[in-house]
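Visitor: I have a structure to look at and some terms to sort out. Can you take me through them?

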Amino acid sequence: MPTKGQTYATLGVNVATALASVILLIFSFTQIEQRTRTSIGTYITGPSNNSDYACSDPDSIWAQHRPIQIQWEFDTQSLFCPWPVANSAIRITAHLLALIVLGLNIFLVLGRRNVTAFWILEICMMCVFGLEFYVIISDGQTVSAANNFCTENRSNFVNKNPMNPEKLSLDCQMGSYQATAGLGSLMILWIPTAVLTFFYQKIWTDDYASF
């Protein structure tokens with residue numbers, strides 16, 4: 001039978017990975033919609049000419065380079081364009097699946113042991129890890145491209161308002177998106193979680209087979 005130390009270690013990494021998933025879910029749900037509506041995008045978004053749709057108008061420069069958050073320098077107005085739908089949907093799905101698998105793992109480790117269920121969950125863990133790895137790469141590339149676009153072009157946008165035809169000086173504020181992409185690396189915890197859970201299962205399964 002597994003020792004208390006092995007049981008606690010297995011429980012610990014499963015709980016830590018579950019907490020990381022919860023944190024990332026919170027970040028994801030707070031970044032799935034255009035929260036701020038402002039006139040900052042009205043004259044530089046495309047044919048809709050409406051800042052309320054600055055992030056969703058397919059011809060808007062902001063919609064084409066999401067996620068992005070900008071603020072008009074020396075002004076309180078800002079525009080918050082969320083992650084592309086695909087990024088948010090895949091990330092949220094991955095973390096929800098992770099919580100389900102980890103919850104079942106913890107349930108089994110705590111005493112409801114079932115050899116078949118253990119191995120099925122191990123396979124599920126590998127699949128979820130593959131999905132989490134994809135999320136890390138995809139989010140990293142997406143936020144990096146958006147940040148580069150904003151940084152390189154923030155001083156080149158022109159206000160097309162005929163009453164105020166001037167260049168805009170915009171400040172890129174990508175911290176929250178970069179945090180989400182960076183925190184995604186916490187899911188590397190899947191590696192020790194899967195390894196410790198595997199050996200825990202192996203020890204328990206060998207003991208079970210010896211009866």
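Guide: Start with one term: a residue is buried if its relative accessible area is under 20%. Keep in mind that this is a predicted model. In helix H4, residues 175–183, the buried residues are Tyr-177, Thr-180 and Ala-181.

Visitor: Which elements do the buried residues of H4 pack against?

Guide: Helices H1, H2 and H3, and strands S1 and S2.

Visitor: Why is Asn-87 called buried?

Guide: Asn-87 is in helix H2. The cut-off is under 20%. Asn-87 has 9% relative accessibility, so Asn-87 counts as buried.

Visitor: What makes the link between the side chains of Asn-87 and Asp-139 a polar contact?

Guide: The limit for such a pair of N or O atoms is 3.5 Å. The contact here is 3.0 Å. Beyond its neighbours within four places in sequence, Asn-87 also touches Ser-138 and Thr-142.

Visitor: How do you know that S1 and S2 pair?

Guide: Pairing needs at least two bridges. S1 and S2 have four, in the antiparallel sense. Ile-70, for one, has Leu-79 in S2 as its bridge partner.

Visitor: What is the strand order in the open sheet?

Guide: The order is S2-S1-S3, with antiparallel pairing.

Visitor: Why are S2 and S3 called edge strands?

Guide: Each of them pairs on one side only.

Note on methods:
Residues are numbered from 1 along each chain as its sequence is written. This is a predicted model: local features need pLDDT of at least 70, side-chain atom pairs count only at pLDDT 80 or more; totals for chains, interfaces and linings use all residues. Side-chain values use heavy atoms; hydrogens and water are left out. Buried means under 20% relative accessible area, exposed over 50%, partly exposed in between (1.4 Å probe, protein chains only). Helices (H or I, at least four residues) and strands (E, at least two) are DSSP runs, numbered from the N terminus. Contact means heavy atoms within 4.5 Å. A polar contact is a pair of N or O atoms within 3.5 Å; within protein, one must be able to donate a hydrogen and the other to accept it, and residues adjacent in sequence count only if both atoms are side-chain atoms.
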